[in-house]
Amino acid sequence: MNRWTKDGGAPVGRAGHGPELTEYQRDLCERLLAAPVVPAPGPWRPVFAHTHGIAVGGLLGIGFAAHPDDGRDLVMVVSHDGHGLLDAVTGEKIARDRDPDPEDGTPDAAADLTCPGPGPIAGSRVHIAGLFGGGLHTTTGDGWTLERVSPAWPHDRVLLSTDGGLPHSGPHGERWWHIFHSTYSELRAFGFSPSGETIAVATSSDVSLWTRRPRPRTALAP
C-alpha cells in the first residue's frame, strides 16, 4: 500500500474537488470577467489625475471624517509611515502625523478600530477600515451601491451600480460599472463616506477617490 494513501485510494488528507458551478454561476462569472474598467458615471468624478490615485506605501486602512469648517468629506489614511488626512474634494494633503503615539499608531490597538484624527480633526477619533477589519458604507440613500467581486481571485474588482447590486442583469456601463481592478496590490477597503458624496478605494499601496462635489478651479491633484 502506498504510504501516501489509504487502501490504495486518494492521498490521505487531500480534499476532493468542490461542487461544479451552475450554468447561472458560470454566466455571471463570465459577464464579470468580460467587463472592462470604465470611468465612474456622472455625477461622480475622479479626485486624482492618476488612474490609481495616489501612492501610500504600506497602507493599513482608511476612514472618513467631516471638516469642522464646512462639513466636506475628509479621508484619514493609516499606514506604516503614520497618519495622514486628505481633502476628499481636492485631494490636498492637509495634515500629517509621521510619529503617532504607539498606543494609537494602528487601529487594532483600540477596541473600536479607531485612531486619533490629525490636523483640523484633532481631538476626535476616526473609525478605520482595512487590514484589521471594519468596513465602510456600501450604499447611499439615493440608490448607489458598491461591491467587491473576485471572478479571477485573488484579483478583486470594485463595482458601482444603481440596480441594487448583483446579479446586474443589464448591460455593463448602463446601470453598473467596473470602476476599479486590483491586480497589483491587496484591496484593503472600499466604500462611501457617510455623506454619500465620496467613494474611496484603498489597496496596500494606494488610495483612489471619487466625489460628487463640483470640480475645484485648481487642477487635479497628482
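Buried here means under 20% relative accessible area, exposed means over 50%, and partly exposed is what falls in between (1.4 Å probe, protein chains only). The model is predicted, so local features need pLDDT of at least 70 and side-chain atom pairs count only at pLDDT 80 or more, while totals for chains, interfaces and linings use all residues. Residues are numbered from 1 along each chain as its sequence is written, and side-chain values use heavy atoms, with hydrogens and water left out.

Confidence comes first. With pLDDT being the predictor's confidence in each residue, from 0 to 100, the chain averages 90, and 89% of the residues score at least 70. Residues 1-14 are another matter: pLDDT stays under 50 there, and the model has ten contacts beyond four places in sequence for this stretch. A contact means heavy atoms within 4.5 Å.

Next, the sheet. Helices (H or I, at least four residues) and strands (E, at least two) are DSSP runs, numbered from the N terminus, and two strands pair if DSSP finds at least two bridges between them. An open, antiparallel sheet of three strands runs in the order β10-β11-β12. Because β10 (145-152) and β12 (176-182) stand at the edges with a single partner strand each, one side of each is left without a neighbour in the sheet. On average, neighbouring strands of this sheet are turned by 30 degrees against each other, direction ignored. β10 and β11 (residues 155-161) are joined by six bridges, and Ala 152 has His 155 in β11 as its bridge partner. Lying across β10, β11 and β12 is helix α1 (residues 23-34), which runs at about 100 degrees to β10. Axes are lines fitted to C-alpha atoms, for helices over the stretch in contact, and angles run from 0 to 180 degrees between N-to-C directions.

On to the charged pairs. A salt bridge is a side-chain nitrogen of Lys or Arg within 4 Å of a carboxyl oxygen of Asp or Glu, and the structure holds seven of them. One of these joins Arg 125 and Asp 104, at 3.1 Å from N to O. Arg 125 sits in strand β8 (residues 125-127) and Asp 104 in the loop between β6 (93-97) and β7 (114-116), 21 residues apart.

Glu 197 lies in the loop between β13 (187-192) and β14 (198-203) and Arg 213 in the segment after β15 (206-211), so the pair ties together parts that are 16 residues apart in sequence. Glu 197 is partly exposed at 27% relative accessibility, and Arg 213 is partly exposed at 26%. Asp 70, Arg 72 and Asp 87 form a network of salt bridges.

Finally, the nonpolar cores, each a set of buried Ala, Val, Leu, Ile, Met, Phe, Trp, Tyr and Cys residues joined through side-chain atoms within 4.5 Å. The largest has 18 residues, and those touching the most other members include Leu 59, Val 75 and Leu 209. β3 (59-66), β4 (73-79), β14 and β15 each supply at least two residues of this core, with β3 giving the most, three. Another core, of 15 residues, lies apart from it, with Ala 40, Trp 44, Trp 177 and Val 201 among them.
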